[in-house]
Amino acid sequence: MSSLPRSIRQLTNATLPDGSRVDVTLDGGTVSAVFPAATLAANADVQNDGSTLDLTGFLLLTAPAEPHAHLDKALSWDLIDPPMGDLELAIESWRDYTAVMTDESIADRARQAAILLLRQGTTAVRTHVDMLVGDDPMRGVRALVRVREEFRELMDIELVALAGPFVPSELVDEALDLGVDLVGGAPHLAEDPLADLRRLIAIAERRGVGSDIHTDESLTGAPTLGEYARLVRDWTVPASAGHCVRLGTLEPSELTAVITEVLASDLGIISLPITNLYLQGWQHPVGTPRGLTALRALLDAGVRVAAGADNVRDPFNPVGRSDALETASLLVSAGHLTLDEAYAAVSSGARSVMSLPVAGVEVGAAAELLAVRGTNLSDVIANASADRFVIHAGRLVAQSTVSYDVAVPRVAAESPTPSLAETR
């Protein structure tokens with residue numbers, strides 16, 4: 001049996017991204033104090049009851065949040081064995097497979113995917129869920145509602161009804177009745193994208209819930225993001241747009257006009273690098289476009305930007321480690337963000353777009369924290385050590401330890417310098 005979760009009261013000797021070393025106290029799910037390192041070691045009240053973590057050699061970060069997952073699809077690649085290809089081929093492969101899925105099989109994969117996310121440090125997930133073809137379209141919805149309840153004390157899970165263009169509006173209502181939180185869809189796949197977008201927004205308004213729409217997930221075509229922003233201009237509930245690939249190929253004047261609309265509505269934008277890098281550009285074997293949204297323009301304009309992994313080992317993306325550090329690394333190499341911007345997109349930026357409370361190492365913030373073995377943010381994003389401690393709501397919910405035993409090269413063996421072999 002696991003000894004977790006376990007309440008944590010103190011974190012000692014942690015390194016922050018700015019290089020400072022600190023001790024931190026937690027009061028339930030809140031950070032109550034931050035001191036210079038070694039302050040708590042001198043405190044006679046320190047208890048040896050398992051509520052203190054010594055984070056010497058670890059970087060302490062705001063825990064990642066996954067703003068765009070598909071837990072109902074996750075880990076299905078090997079089961080489906082689909083051909084590799086673009087978005088249309090992935091949709092076709094997935095649709096064919098859904099005929100044999102059951103509530104239990106969907107829940108099993110979703111559960112595994114959630115555990116992988118939690119193990120790597122993600123403590124909040126927003127996942128889309130399909131309304132499936134066949135006689136029982138709510139199979140995925142029921143499965144994910146169940147998994148959300150199972151993980152209720154371990155991570156925050158939010159559900160979005162992914163209503164494709166051919167999903168009747170009454171099924172979206174049924175999904176909301178079963179416990180789904182937000183209205184979603186993919187209007188860019190519809191014959192009339194703007195009409196489908198307006199349909200989805202009308203459902204959300206009628207039900208008084210927010211929306212998270214797959215938006216302009218293509219390199220060409222008329223963008224719908226500006227109209228989406230106008231439709232939610234006066235909303236007081238969350239609204240966000242995922243993918244937004246088309247922004248990355250717009251001319252500067254067009255891009256500026258769309259971003260102006262996005263800012264006016266405070267619409268959150270979610271970039272999904274690993275899946276968009278995989279799905280986009282198959283028709284361009286020479287000078288293949290990166291297929292990402294206009295990250296630099298959005299950030300420079302002050303738009304709230306999040307980033308996530310999207311699909312993990314399913315027909316829409318055959319790879320992925322369920323690790324926010326993988327997403328951050330791709331934002332640096334493919335999106336040209338700084339290290340700080342990249343990690344913010346998968347942590348504080350993601351939490352903002354998901355309308356979650358501020359978290360991190362500051363007094364009064366939610367105690368949603370990730371400690372990764374490493375010296376600084378560059379080291380952590382580049383090497384993504386598996387040595388991690390994951391804290392959700394002030395409780396340790398995952399910890400990982402890795403060991404290395406590497407043969408020493410002859411020159412090192414004959415040298416007085418320290419051995420290259422390392423065991424932890």
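This is a predicted model: local features need pLDDT of at least 70, side-chain atom pairs count only at pLDDT 80 or more; totals for chains, interfaces and linings use all residues.
Axes are lines fitted to C-alpha atoms, for helices over the stretch in contact, and angles between N-to-C directions run from 0 to 180 degrees. Two packed helices are described by the angle between their axes and the distance between the axes. Two helix pairs are treated in turn.

Helix α11 spans residues 324-333, and helix α12 spans residues 339-346. Their axes lie 8 Å apart, at an angle of about 140°. Angles over 145 degrees count as roughly antiparallel, and 65 to 115 as roughly perpendicular. Helices α11 and α12 are therefore oblique to each other. Their crossing is right-handed. On the α11 side, the contact is made by Ala324, Leu325, Thr327, Ala328, Leu331 and Val332. These residues meet Leu339, Ala342, Tyr343, Ala345 and Val346 of α12. The residues of this contact comprise ten nonpolar, one polar and no charged.

The second pair is α5 and α6. Helix α5 covers residues 169-177, and helix α6 covers residues 193-207. The two axes come within 11 Å and cross at roughly 40°. That angle makes α5 oblique to α6. The crossing of α5 and α6 is right-handed. Helix α5 contributes Ser169, Val172, Asp173, Leu176 and Asp177 to the contact. Their partners in α6 are Arg199, Ile203, Arg206 and Arg207. By class, the residues of the α5 contact with α6 divide into three nonpolar, one polar and five charged.

Key: Residues are numbered from 1 along each chain as its sequence is written. Side-chain values use heavy atoms; hydrogens and water are left out. Helices (H or I, at least four residues) and strands (E, at least two) are DSSP runs, numbered from the N terminus. Angles under 35 degrees count as roughly parallel, over 145 as roughly antiparallel, 65 to 115 as roughly perpendicular and the rest as oblique. A crossing is left-handed if the near helix is turned anticlockwise from the far one by less than a right angle, and right-handed if clockwise. Contact means heavy atoms within 4.5 Å. Ala, Val, Leu, Ile, Met, Phe, Trp, Tyr, Cys and Pro count as nonpolar, Asp, Glu, Lys and Arg as charged, and the others, Gly among them, as polar.
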